[in-house]
Amino acid sequence: MFRARYIPWVERERLAQEFLEYRQDGETVTEITRMFTERVMFCPEFAFEQVRMTRYLSMLKTDIRQFVATLHCDTLLDLQEATRRCELEIELQLREQRQATKQSQSAPKWSKTADSRSEGQ
């Protein structure tokens, strides 16, 4: 009733269309979840929990979606929490990879002439 009275129909339609077309790009899971929660109310076809879960899952980045889709989540809240955990795990893995790359690049490299001098002694 609030929506019908205070939000023009054209604006509700625009928000619903944005919601239906939205895909995660550079946003965090927290940002996606907030946007999802704000916009889902403009789409009455998402009244059921399972439909909301399917839509939420389809908005996510492929790597997160593929991981989370293998989990058994009974509610939208469970799905959102699993998605946040997955994002944190991916961030941790990326940080570890960057650290390993930095360490391998900063390892001392001995020149060939230094090696050949030590062989002669």
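Cys86 is buried, at 4% relative accessibility, where buried means under 20% relative accessible area, exposed means over 50%, and partly exposed is whatever lies in between (1.4 Å probe, protein chains only). Cys86 is found in helix H6; helices here are DSSP runs of H or I with at least four residues, strands are E runs of at least two, and both are numbered from the N terminus. Leaving aside residues up to four places away in sequence, Cys86 touches Ile64, Phe67 and Val68, a contact being heavy atoms within 4.5 Å. Phe67 is 19 residues from Cys86 along the chain, and their C-alpha atoms are separated by 7.4 Å.

A word on what you're looking at. This is a predicted model, in which local features need pLDDT of at least 70 and side-chain atom pairs count only at pLDDT 80 or more, while totals for chains, interfaces and linings use all residues. Residues are numbered from 1 along each chain as its sequence is written, and side-chain values use heavy atoms, with hydrogens and water left out.

**The overall picture**

Of its 121 residues, 25% count as buried. Take the contacts between residues at least 6 apart in sequence: 57% of them join residues at least 24 apart.

**Cysteines**

What about disulfides? A disulfide is a covalent bond between the sulfur atoms of two cysteines. Here the test is a pair of cysteine sulfur atoms within 2.5 Å, and the structure holds zero disulfides.

**Helix H3 and its buried side**

Which residues of helix H3 are buried? In this helix, residues 29-39, they are Val29, Ile32, Thr33, Met35 and Phe36. They cover an arc of only 165° around the axis, which puts them on the same side of H3; the arc is that of the directions from the helix axis to the C-beta atoms. An α-helix has 3.6 residues a turn, so residues three or four places apart point the same way. The buried residues of H3 pack against helix H2 (9-21), helix H4 (49-59), helix H5 (62-69) and helix H6 (76-106).

**How the helices cross**

Axes are lines fitted to C-alpha atoms, for helices over the stretch in contact, and angles run from 0 to 180 degrees between N-to-C directions.

| Helix pair | Axes come within | Crossing angle |
|---|---|---|
| H3 and H4 | 11 Å | roughly 140° |
| H5 and H6 | 10 Å | roughly 125° |
| H4 and H6 | 9 Å | roughly 20° |

As for naming the angles, under 35 degrees counts as roughly parallel, over 145 as roughly antiparallel, 65 to 115 as roughly perpendicular, and the rest as oblique. A crossing is left-handed if the near helix is turned anticlockwise from the far one by less than a right angle, and right-handed if clockwise.

Start with H3 and H4, whose axes cross at roughly 140° and which are therefore oblique to each other. Their crossing is right-handed. On the H3 side the contact is made by Val29, Ile32, Thr33, Met35 and Phe36, and on the H4 side by Arg52, Arg55, Tyr56 and Met59.

Next come H5 and H6, with a crossing of roughly 125°, and that makes H5 oblique to H6. H5 passes H6 in a right-handed crossing. Where they meet, H5 brings Asp63, Ile64, Phe67 and Val68, while H6 brings Leu79, Ala82, Thr83, Cys86, Glu87 and Ile90.

Then there are H4 and H6, crossing at roughly 20°, which makes H4 roughly parallel to H6. This crossing is right-handed as well. Glu49, Arg52, Met53, Tyr56 and Leu57 in H4 meet Leu76, Leu77, Leu79, Gln80 and Thr83 in H6.

**One more residue in H4**

Ser58 sits in helix H4 and counts as partly exposed, at 25% relative accessibility. Which residues does Ser58 touch, not counting those up to four places away in sequence? They are Arg23 and Arg65. Arg23 and Ser58 are 35 residues apart in sequence, yet 7.6 Å apart in space, C-alpha to C-alpha.
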